[in-house]
Amino acid sequence: MPVDPQLIRSTFAVVERRAEHAVTFFYSHLFWNNPGVRGLFPEDMAPQRDRLFAALTHVVTHLEDPALAAYLGHLGRDHRKFLASPALYAAVGESLIGAFAHAAGSAWTIEAEKAWTEAYGLVVELMQAGADEAAGAGEPAWWDADVVRHQRYGDSLAVLTLRPRQPFPYLPGQYVSVSSLRVPRVWRTYSIANAPRVDGTLDLHVSRIPGGAMSTALVEETGPGEVLRLSAPGGGLTARTPAGGLRTYICAGTGWAPVRALLEEAAEAEPDLEGRLFVVARAKDHLYGRPDAEALKERLPGLNVTYITAAPGRRRDQATERLIHALQACEQWPAHEVYLAGPPGFLTETVEVLTELGTGPDRVHHDTLPAVGRFTVRPSTAAERLLGPPQLQWHNPEAREPREP
Ligand SMILES: NC(=O)C1=CN([C@@H]2O[C@H](COP(=O)(O)OP(=O)(O)OC[C@H]3O[C@@H](n4cnc5c(N)ncnc54)[C@H](O)[C@@H]3O)[C@@H](O)[C@H]2O)C=CC1
């Protein structure tokens with residue numbers, strides 16, 4: 001990107017420390033000056049606020065990355081579902097610059113404003129190009145999909161089978177954004193759990209997050225006959241290596257979904273694949289994917305499968321500790337292509353271990369998951385720390401046995 005990356009990064013570092021202020025200012029400015037715009041956003045703005053900063057952080061940390069243009073093209077293509085227009089992009093730009101000037105204080109110079117205005121202009125140009133390309137190719141802004149099956153496992157998990165009303169092309173390993181009229185204007189991403197089928201149906205594995213309106217609606221309220229909206233597929237689990245190479249798949253919780261899709265594809269395309277699969281769950285009765293993993297192992301005899309859970313009564317992260325011991329006992333890491341899926345903290349921890357074991361970063365494939373909960377940046381003052389204490393992390397220790405519909 002032909003902007004001054006150094007200046008962009010140094011101002012962003014100042015703004016980042018005051019992320020709460022910047023984001024509050026941004027949305028207040030946007031909604032106050034453009035009254036119709038509030039209706040385009042969900043009622044609960046908290047996850048939205050985090051997402052804006054996550055996207056900005058991605059851009060700022062990848063300014064020199066040639067893949068940034070593709071990321072922004074996809075973002076623009078994806079923003080068609082929000083009915084994003086040139087007028088909206090312009091309004092957002094004005095509020096963003098205003099918010100940054102407010103948050104950066106004396107660090108906001110004429111040069112900084114010029115660099116940010118230029119950078120934002122380029123971002124919009126690339127996003128708009130992505131949107132135009134998709135529209136030109138006849139891609140809908142979203143796909144309506146009928147729920148044809150809803151299978152519950154325990155209290156906190158459901159597998160939904162959907163049939164999109166128009167052809168929905170995707171690659172195994174990709175995810176899709178989902179919206180339901182039960183939670184207006186909220187979109188959440190879920191990985192597709194199967195390779196493309198002749199009947200066009202696709203499965204999503206949804207884990208209910210305590211307090212999560214969308215996952216609760218999908219697990220507890222949604223049923224066959226209902227219509228959901230899907231956005232264009234995306235994700236980083238699409239890299240493929242030539243057949244014959246060694247492969248390791250590691251998944252935790254509903255991270256099983258994209259790995260299941262990848263293995264279905266492999267069972268079809270390279271049944272003599274040599275590799276290992278680690279399926280991690282917080283407890284034995286949360287291993288809802290085990291029957292499917294066993295069936296795939298039948299089709300992939302060269303796949304070594306290991307199931308790992310926390311010991312009874314132990315906290316769920318003990319499963320990750322056990323996984324790490326298992327990974328350390330394995331060999332040939334530099335020769336393996338590794339596919340990873342699971343909670344963000346799990347991905348971070350596992351990637352670190354794989355690096356120590358000698359797997360090159362270009363051989364570890366996983367999605368970039370949005371940060372969970374409130375801003376992850378450090379509060380800059382004691383007062384900010386008091387106003388925004390970290391959220392408690394907890395889980396619902398309930399069983400995931402299949403239930404009668
Ligand atoms: N493409 C992907 O990477 C996918 C990611 N996911 C993510 O997986 C999660 C699924 O949640 P659940 O099924 O409820 O999983 P969960 O909460 O039951 O966790 C499963 C296991 O992951 C490990 N884990 C969880 N949090 C960890 C942390 N902070 N540090 C280290 N290890 C940790 C623990 O071993 C735990 O037993 C969601 O966060 C979802 O976003 C889900 C599907 C696809």
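At what angle do the axes of helix 1 and helix 5 cross, and within what distance do they come? I took this up before anything else, keeping in mind that the model is predicted.

**Entry: helix 1 and helix 5**

I looked up the two axes and found that they cross at roughly 75° and come within 8 Å. Angles of 65 to 115 degrees count as roughly perpendicular, so helix 1 and helix 5 are roughly perpendicular to each other. I then listed the residues that make this contact. Helix 1 brings Thr-11, Val-14 and Val-15, and helix 5 brings Phe-100, Ala-103 and Ala-104. I sorted them by class and got 5 nonpolar residues, 1 polar residue and no charged ones.

**Entry: helix 1 and helix 6**

Next I turned to helix 1, residues 5-17, against helix 6. Their axes cross at roughly 105° and come within 9 Å. Helix 1 and helix 6 are therefore roughly perpendicular to each other. On the helix 1 side I noted Leu-7, Ile-8 and Thr-11. On the helix 6 side I noted Glu-111, Ala-112, Ala-115, Trp-116 and Ala-119. The classes here are 6 nonpolar, 1 polar and 1 charged.

**Entry: helix 5 and helix 6**

Which way do helix 5 and helix 6 run relative to each other, parallel or antiparallel? I found that helix 5 (residues 86-104) and helix 6 (residues 110-136) pack at an angle of about 150°, with their axes 11 Å apart. Angles over 145 degrees count as roughly antiparallel, so helix 5 and helix 6 are roughly antiparallel to each other. I also checked the handedness of this crossing, and it is right-handed. Helix 5 makes the contact through Tyr-89, Gly-93, Leu-96, Ile-97, Phe-100, Ala-101 and Ala-104. Helix 6 makes it through Ala-112, Glu-113, Trp-116, Thr-117, Tyr-120 and Val-124. By class I have 10 nonpolar, 2 polar and 1 charged.

**Entry: domains**

I looked up how the chain is divided and wrote down domain 1 (5-136), domain 2 (143-230) and domain 3 (246-365). The C-alpha centres of domain 1 and domain 3 lie 36 Å apart.

**Entry: the ligand**

How many residues surround the ligand? I noted 28, and the closest are Ala-252, Gly-253, Ala-319, Ala-341 and Gly-345. The elements that give two or more residues to this shell are helix 8 (256-269), strand 8 (275-281), helix 10 (318-328) and helix 11 (344-357). Helix 11 gives the most, with 3 residues. By class, I recorded 12 nonpolar, 11 polar and 5 charged residues in the shell. Last, I checked the shell against the domains: domain 2 and domain 3 each supply at least three of its residues.

Conventions:
Residues are numbered from 1 along each chain as its sequence is written. This is a predicted model: local features need pLDDT of at least 70, side-chain atom pairs count only at pLDDT 80 or more; totals for chains, interfaces and linings use all residues. A residue is near a molecule or strand if its C-beta atom, placed from the backbone, lies within 6 Å of it. Helices (H or I, at least four residues) and strands (E, at least two) are DSSP runs, numbered from the N terminus. Ala, Val, Leu, Ile, Met, Phe, Trp, Tyr, Cys and Pro count as nonpolar, Asp, Glu, Lys and Arg as charged, and the others, Gly among them, as polar. Domain bounds come from an automatic or database domain assignment. Axes are lines fitted to C-alpha atoms, for helices over the stretch in contact, and angles run from 0 to 180 degrees between N-to-C directions. Angles under 35 degrees count as roughly parallel, over 145 as roughly antiparallel, 65 to 115 as roughly perpendicular and the rest as oblique. A crossing is left-handed if the near helix is turned anticlockwise from the far one by less than a right angle, and right-handed if clockwise. Two residues are in contact if their C-beta atoms, placed from the backbone, lie within 7 Å.
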